[in-house]
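Me: I'd like to learn how to read the features of a model like this one. Could you take me through them step by step?

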Amino acid sequence: MDLERRLRNGEFATSFPGELELRDEYGVSRHTVREALRALRQGGVVTAVRGRPPRLGRQPEITQPLGALYSLFESVEAANLSQRSVVRKLDARADAHVAVRLGLEESTPLVYLERLRLAGEHPLAVDYAWLPAAIAAPLLSADFTHTALYDELATRCGVRLTGGQEEIRAVVPAPAQRELLGIGPDIAVMRVERIGISKGTPVEWRTTVIRGDRFSVLAEFSARNGYTVSLTGAGRDRPSVT
């Protein structure tokens, strides 16, 4: 709706118009305005209390731990938000660049899964995952609308991740990614590149472009040991930051 577009563009950063103002501006009935506001309230975009004008709501932030094997699906649910994915592509294909990252021959068949991840009713991330078809072919019949990739990988393929490596960096999103995420030019994104390992063997290469205004990472440390963030990309090791 037009209100969502204006919200994404930051038009109501300081205040949000009331029902009468919206009715006059759009030339619609008050009932129509209330229905539009009801949808925004359900998504947490605006809050409203009887007798007071609507106010912008604060969207919950998704926090991920550093140095731990985590599932974005579980983190979204832990934030009391419903997790849903729009599956854009799910097929078998070859990609020489990804195959090399997984330590495979360039022509090795791979399962490719591309999803738009939503937290609540709003986009959170665009996810691109690659897995060797030799172990992940059963995933081609899975419905990823409301399920975790790792759960399906364990159930259908008998493969569980035991560790991995991850690199997180701030990037400028491509225009198509910005449109999918529903963000304006003033919102930053982070790119998370992950290689998932099962019993010492790479089984997943994933790139996730995630909204910077809804996502943060958390590291724990102690005075004695400090903390270590490993900046490691698949196939190449970099010095650790301690």
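Reply: Gladly, and let's begin with contacts: contact means heavy atoms within 4.5 Å. With that in hand, E152 touches L139, A142, F144, T147 and C157, not counting residues up to four places away in sequence. Before going on, keep in mind that this is a predicted model, where local features need pLDDT of at least 70, side-chain atom pairs count only at pLDDT 80 or more, and totals for chains, interfaces and linings use all residues. Residues are numbered from 1 along each chain as its sequence is written, and side-chain values use heavy atoms, with hydrogens and water left out.

Me: How many helices and strands does the protein chain have?

Reply: Helices (H or I, at least four residues) and strands (E, at least two) are DSSP runs, numbered from the N terminus. Here the protein chain has eight helices and 12 strands.

Me: What is the strand order in the open sheet of six strands?

Reply: Two strands pair if DSSP finds at least two bridges between them. In this sheet the order is 4-5-6-9-8-7, and the pairing is antiparallel. Strand 4 (83–94) and strand 7 (163–171) are at the edges with a single partner strand each, so one side of each has no neighbour in the sheet. For angles, axes are lines fitted to C-alpha atoms, for helices over the stretch in contact, and the values run from 0 to 180 degrees between N-to-C directions. Neighbouring strands of this sheet are turned by 15 degrees against each other on average, direction ignored.

Me: Over how many bridges do strand 5 and strand 6 pair?

Reply: Strand 5 (residues 109–119) and strand 6 (residues 122–132) pair over 10 bridges in the antiparallel sense. In that pairing, L118 stands opposite P123 in strand 6.

Me: Which strands does helix 7 lie across?

Reply: Helix 7 (residues 149–157) lies across strand 5, strand 6, strand 8 (189–198) and strand 9 (201–211). Relative to strand 9, helix 7 runs at about 155 degrees.

Me: Let's turn to charged side chains. How many salt bridges does the structure hold?

Reply: A salt bridge is a side-chain nitrogen of Lys or Arg within 4 Å of a carboxyl oxygen of Asp or Glu. The structure holds 12 salt bridges. In one of them, R115 meets D127, with the closest N and O atoms 2.9 Å apart. R115 belongs to strand 5 and D127 to strand 6, so the pair ties together parts that are 12 residues apart in sequence.

Me: Is R115 buried or exposed?

Reply: Buried means under 20% relative accessible area, exposed over 50%, and partly exposed in between (1.4 Å probe, protein chains only). R115 counts as buried at 0% relative accessibility, and D127 is buried too, with a relative accessible area of 1%.

Me: Which residues are linked with R115 in a network of salt bridges?

Reply: The network links R115, R117, D127, E204 and R206. Within this group, the side chains of E204 and R206 meet in a salt bridge (2.6 Å, N to O). E204 is buried at 0% relative accessibility, and R206 is buried at 10%.

Me: Which residues is L180 in contact with?

Reply: L180 is found in helix 8 (residues 175–181) and counts as partly exposed at 23% relative accessibility. Leaving aside neighbours within four places in sequence, L180 is in contact with R88, L116, P123 and V126. L180 and V126 are 54 residues apart in sequence and 7.7 Å apart in space, C-alpha to C-alpha.

Me: And where does K199 lie?

Reply: K199 lies in the loop between strand 8 and strand 9. Its phi is near 55 degrees, a positive value in a residue other than glycine. K199 is exposed, with a relative accessible area of 77%.
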